[in-house]
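Please have a look at the structure as it comes up.

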Amino acid sequence: RCKNLSVSFWNSYWMLPSDVCGMNCFWEAAFRYDYMKTHPSEKMHLAVVACGERLEETVTMLRSAIIFSVKPLQFHIFAEDQLHESFKDILDDFPYEGKVNYTLYPITFPTENAAEWKKLFKPCASQRLFLPLILKNVDSLLYVDTDILFLRPVDDIWSFLGKFNSTQIAAMAPEHEEPRIGWYNRFARHPYYGVTGINSGVMLMNMTRIRRKYFKNDMTPVRLQWGEILMPLLKKYKLNITWGDQDLLNIMFFHNPESLYVFPCQWNYRPDHCIYGSNCKEAEEEGIFILHGNRGVYHDDKQPTFRAVYEAIKNYSFGDDLVHSLLQPLELELRKTMHTYCGRVYKVFIKQLTKSIRDLYARRSKGR
């Protein structure tokens, strides 16, 4: 079922102080807003898979996507049947203005191997592998895990689709920046992409290209299409893979490296980027663009910087002043985490968020 929703970006405009919004950034954002108005394009498609106790986390992710994005969003929410009504009740209550649509789907695997796919790694996680086959009418898609938070517009990662060369079909970030703490290069018992492997928590896909491509593989000299390669790959490596579907993607792109566009670590920033010392240089320079709170760090006290960002976005009410209701309280909470390695670099957690808020107000001012 598809429900029309809308985003309310507030009925009045608060000009930010000069130290938050400079004129250069104002005009940069205004130019981008003008471009969006004069170059309309199809909506951005975002998919997520939610099983078990992931309802709140998924809704918080969707909220973060809505806050800053410019172009219309289409959410594809794959969830266990018992979660559908809860999703519907929450999303229908969001104060939108025709800017967002959502569709709820059941969890679906190929009938003959459904049980095997569902128990791979975490419940339902491997659903992402079948999105190109299920969403046959969707050309391009951004898949994200439930524990993702957008700190800048979805439009900006969506724009990477335009940077793909003729052979690239998907984009992901490296699993690690520092090989000394890398998992794949130290422990993997299967092929993996590049030096440290890739992380599939944020995966941008040109699904038309994925459906058309014939993949090189180590099972047969014949190249196989996406729908043909998944089960044979699982059968060959199921005793050697630890991270389930992400490992299968690593194997596929090991054999087809020309098909992957790799984006920098600030587009998929995880605890490993700071718990052993800061090792994502791009985030140090520009801030975190997409926060990935894997290993449950939003819900325990192990990484309070990650939890602080999650709680701030979860508790933010649409329509409230973003500076006073989100940014300033968040910075106060982050300052309390400076006893941790991630807390020592807490400014990377709000650097891009500050700019996103500034740009949002600039767009709103330009649109009046």
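Let me begin with a term: I call a residue buried when its relative accessible area is under 20%, exposed when it is over 50%, and partly exposed in between, using a 1.4 Å probe and counting protein chains only. This is a predicted model, in which local features need pLDDT of at least 70 and side-chain atom pairs count only at pLDDT 80 or more, whereas totals for chains, interfaces and linings use all residues. Residues are numbered from 1 along each chain as its sequence is written, and side-chain values use heavy atoms, with hydrogens and water left out.

Of the 368 residues in the chain, 58% are buried. The chain has 15 helices and twelve strands, which are DSSP runs (H or I, at least four residues, for helices; E, at least two, for strands) numbered from the N terminus.

Turning to strand E4, residues 100–105, six of its six residues are buried, so E4 is largely enclosed by the rest of the structure. Both of its faces are covered, with Val100, Tyr102 and Leu104 buried on one side and Asn101, Thr103 and Tyr105 buried on the other. E4 runs parallel to strand E3, residues 73–79, and six bridges join them; strands pair here if DSSP finds at least two bridges between them. Thr103 in E4 is the bridge partner of His76.

Finally, in helix H3, residues 84–92, the buried residues are His84, Phe87 and Leu91. These cover an arc of only 65° around the axis, which puts them on the same side of H3, the arc being that of the directions from the helix axis to the C-beta atoms.
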